[in-house]
Structures are given as C-alpha cells and as structure tokens.
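Here is a short briefing to read alongside the model.

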Amino acid sequence: MTATARGRAVPPRSHPALRLSLLVVSVVVTLLALEACLRLFWRVPPIFAGFQQAGMYVAGPGRQPMLVPGYRGALRIDAAATTSVRIDALGLRGEDPGPKRAGEKRLLMVGDSLVFGCGVEAEAALPARLQAALGERGMPVTVGNGGVPGFGPSHAVQRMRLLDRDFGADAFVLCGFLGNDAIDEALPKRAVYAGMMLQGAMADLVEVSWRTRLALRSRAALWLEAMILNERPSWSPLAAWSPAADDLVRIAGLPPEPQRHAGLFLDAVDEQASWPPGGPPVLPRLDGYLRDALNQAKQAAAGRPLVFVVLPSSWQCDEAKRVATLQSMGFDAKDFRRGLAQQRWLAVAAQAGVPALDATPIVTAAGAASELFIADGGHFDPRGNEVVARWLAKELAERLR
C-alpha cells in the first residue's frame, strides 16, 4: 500500500500493459463465447445450407472436389429429414466394399445428390437399392455410390476417373438430373474451402475476399455477413462479384435464377429461345455441355458398358404442379411442352453414342409425386429410389451379363 500526503492508503495503479492484456483476454473470451453460442443455437440461413457439410469435402487431384474418405456426419434436408452420412475408404457413400474379389462384378453409379441419396439413409439410396434389385435377379453386382451433392455430369465424369482404379468398375451408370444439372454444367466451377464445396459466386469470392474466407471459418463472422446481406446488400462482397468473362459466355441468355427452378425452362418449345429475348440461343449450348460430358464419360469407360440415366424432379412428373410453377415464375405455360427436355437429352446421348434411359415415365406411372419424393420435391424418398432401382435393374440386366 502507498500513502497520500494526508496519510490515506490507496491501491497501486496497475501497469498499462497489464490492463491491455486483460482487455485483450476479455475480448477473446467474449468472442469465443459468442462463437460457441452461434454454433449451438443459431440456425444458419438456407443460403448457407452448405455449412452442415463442412468437413465432407477435400480438394483432390487438379483441385477437384472429392468426398473425404472416412468422413462421418449428418445431413439435414428439412426438419423431418436428417440422415447419417458415412464415406468409405474409397470416397464412396456407404459401407466399404473392400478389395475386389475374384469373379466379383462391380458397377459404379455417379451423379449428383439424387445418386448420393440426400434425404435418405445410404441403404435406401438409389445405388444400394439397385444392388439389391440386381441381386434379386440372380446378378450379384456390387454397386458403388459415387454420387456427390452439387455435381453436374462433367464433375461426375471426373469422379468416374478418380474412383475407377481403386473401385475396379466393370460397368458405369451416369445419372443426369433434370432439376439442375443443366445449370451445373453452365457454371461448372467448384472450389473447396474449410471442408465445404463452393460453387458460383462463393467459388470465386473465396479466392479474393478475406471476408468470405473468414465467414466460412467463423459462425460469428457468418452471422454478421448474413445480417449485412439482409439489411445492407450493397455492403456485402456478393454485391461486388461478377462472373468471369468465360462464365458470362457460358450463361449468356439463361433465364434469371428464380426462373431456373427445377429446370422447367428446358422444355421450351422454341429451341432457339433466349432469356432475355435477343440473346444467343440457350438450349443448343446447354445440350453441347452435356454432349461434351457424355463423350468424356465414353472415353473414361474405355469400352466397358456405360448407360446414361435421366432422372426427373417431381415437377417433371406432376403436370398440374409443372404448369402452376411455370406460371408462378412468369412464364406462359404454352411456350413449354412437357417431356421436351428428356427428348433432347436422349438425342444428345444418341449423338454421343451412349445408351440412355429416361426414368420419368416409370416414376410418373408409379403414383403421386408426394409418394415418391421427399418434401423438397427434388430428391427421391425410399419408395422413389426403390421404384427407379427395380426398373433400372430390369433395363440393365442384359447389358451386364
């Protein structure tokens, strides 16, 4: 203790460095507490739904996204559909098939989230149900689930090449989803950061924006960016983003994002259509992207059986829903004819010399869309996967003997 001139004792003053250290510690503790609270209690907005897959992706050869071998986690589609995710040692969803046995036949199925099985457990996903359906036909074939959410056909072909050596495929099934694969091919850039796969604006921004990288690492920073995006959009890094020149060429004439829903614009009667009018024709260009992917798949298969399968969303199977959705997006339904997209994709496959099948008729005939798709309308539920798998097993039986 020290004394004043009047004899009163006063405490010694703390050193400035100590006060600064205490302030820094307090700020750090507060930020850590905020981070923990947001991770525990904050519901991430739908635009950032990919955060639930953090840790599931890693950059593979050529920086291409791949699933992390050995990953364990969960995937939530909506409040009623949370499923477990197990990635095996090869990077496939499901149980590890182990080394290929003498005489064993293997089929690799690749595609996007419909193949992966978003909304269902691995044993209810399309590849597992196909394996069971083939087995019932006396054809014991190991079917590998090479689906990856967010992939388009060209990404799936890269997946074929990556998995083929270790999986040892005797045949391949490449699935194309009418709902969004055309857009995935129009904007094919993908990037991996913080264990997440990014596409579109995020794939570009993560390379140039420190705020984007911080938001991908911190829930507190993400919360702040979400608030900025909602309240002051012009302050967000997204406001400064513009597609690269080659991306602008690839997407020229496409309808605005709200009008791309479920790929319904692919049914346009006018093949030379452009949105907005006056731009370059869209559909031939999108068909060209698919043709390139199928040609690459044919090369990757190297003479082994390859089948391209067209998978619909509920909007392609329910006419009333399709027409109502077109009208809600500002389209005149008479300018679109149901099934044209499938016809065009099958024609593209024929040009590439790849056998193709369309699952739309069997799904449509099997019952109401609400009985075959989960609540999002884009992914099959267990029954939908079963229906498609049994049909596909019958179609593939002769090709695999």
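Which residues have the most contacts inside the largest nonpolar core? They are Leu174, Phe265, Leu286, Leu294 and Phe308, in a core of 48 residues. Please keep in mind that this is a predicted model. The chain has 401 residues, of which 49% count as buried, and it holds 16 helices and 13 strands.

**Overall layout**

- Along the principal axes, the C-alpha atoms of the chain fill a box of roughly 105 × 60 × 40 Å.
- Among contacts with a separation of 6 or more, 67% join residues 24 or more positions apart.

**The nonpolar cores**

- The largest nonpolar core, with its 48 residues, draws at least two residues from each of these elements: strands E7 (105-111), E9 (171-177) and E12 (306-311), and helices H4 (153-167), H5 (181-186), H11 (283-301) and H14 (340-352).
- Helix H11 gives the most to this core, with eight residues.
- Phe308, one of the residues with the most contacts inside the core, touches Leu174, Leu290, Leu294 and Trp345, among others.
- The list of residues that Phe308 touches also includes Val354, Pro355, Ala356 and Leu357, with neighbours up to four places away in sequence not counted.
- Apart from this core lies another, of 35 residues, and among them are Leu126, Val309, Ala359 and Leu372.

**Pro153 in helix H4**

- Pro153 is located in helix H4 and is buried, because its relative accessible area is 1%, under the 20% limit.
- Beyond its neighbours within four places in sequence, Pro153 is in contact with Leu174, Asp181, Glu185, Leu290 and Ala293.
- Although Pro153 and Asp292 are 139 residues apart in sequence, their C-alpha atoms are 9.4 Å apart in space.

**Asn385 in helix H16**

- Is Asn385 buried or exposed? With a relative accessibility of 1%, Asn385 counts as buried, and its place is in helix H16 (residues 382-400).
- A polar atom of the Asn385 side chain lies 3.1 Å from the backbone oxygen of Ala124.
- Ala124 is also among the residues that Asn385 touches, along with Leu114, Val120, Ala125, Leu126, Arg129 and Phe380, when residues up to four places away in sequence are not counted.

- Helix H7 (residues 210-217) and helix H8 (residues 219-231) pack with their axes 6 Å apart, at an angle of about 120 degrees.
- H7 and H8 are therefore oblique to each other, and H7 passes H8 in a left-handed crossing.
- On the H7 side, Arg211, Leu214, Ala215 and Arg217 meet Arg219, Ala221, Leu222, Glu225 and Ile228 of H8.
- In helix H6 (residues 201-208), the buried residues are Ala201, Ala203, Asp204, Leu205 and Val206.
- These buried residues of H6 pack against strands E10 (190-193) and E11 (196-199), and against H7, helix H9 (237-240) and helix H10 (245-251).

**Trp235, an exposed tryptophan**

- Trp235 is in the loop between H8 and H9 and counts as exposed, because its relative accessible area of 55% is over 50%.
- Trp235 touches Arg211 and Ile228, leaving out residues up to four places away in sequence; both of these also take part in the meeting of H7 and H8.
- From Trp235 to Ala393 the separation is 158 residues in sequence and 53 Å in space, C-alpha to C-alpha.

**Backbone points to check**

- Most residues other than glycine have a negative phi, and most peptide bonds are trans.
- The peptide bond from Trp275 to Pro276 is cis, with omega near 0 degrees, and Pro276 lies in the loop between H10 and H11.
- Ala262 is also placed in the loop between H10 and H11, and its phi is positive, near 60 degrees.
- With a relative accessibility of 10%, Ala262 counts as buried.
- Ala302 has a positive phi too, near 50 degrees, and it lies in the loop between H11 and E12.
- Ala302 counts as exposed, at 58% relative accessibility.

Key: Residues are numbered from 1 along each chain as its sequence is written. This is a predicted model: local features need pLDDT of at least 70, side-chain atom pairs count only at pLDDT 80 or more; totals for chains, interfaces and linings use all residues. Side-chain values use heavy atoms; hydrogens and water are left out. Helices (H or I, at least four residues) and strands (E, at least two) are DSSP runs, numbered from the N terminus. Buried means under 20% relative accessible area, exposed over 50%, partly exposed in between (1.4 Å probe, protein chains only). A polar contact is a pair of N or O atoms within 3.5 Å; within protein, one must be able to donate a hydrogen and the other to accept it, and residues adjacent in sequence count only if both atoms are side-chain atoms. Contact means heavy atoms within 4.5 Å. A nonpolar core is a set of buried Ala, Val, Leu, Ile, Met, Phe, Trp, Tyr and Cys residues joined through side-chain atoms within 4.5 Å. Axes are lines fitted to C-alpha atoms, for helices over the stretch in contact, and angles run from 0 to 180 degrees between N-to-C directions. Angles under 35 degrees count as roughly parallel, over 145 as roughly antiparallel, 65 to 115 as roughly perpendicular and the rest as oblique. A crossing is left-handed if the near helix is turned anticlockwise from the far one by less than a right angle, and right-handed if clockwise.
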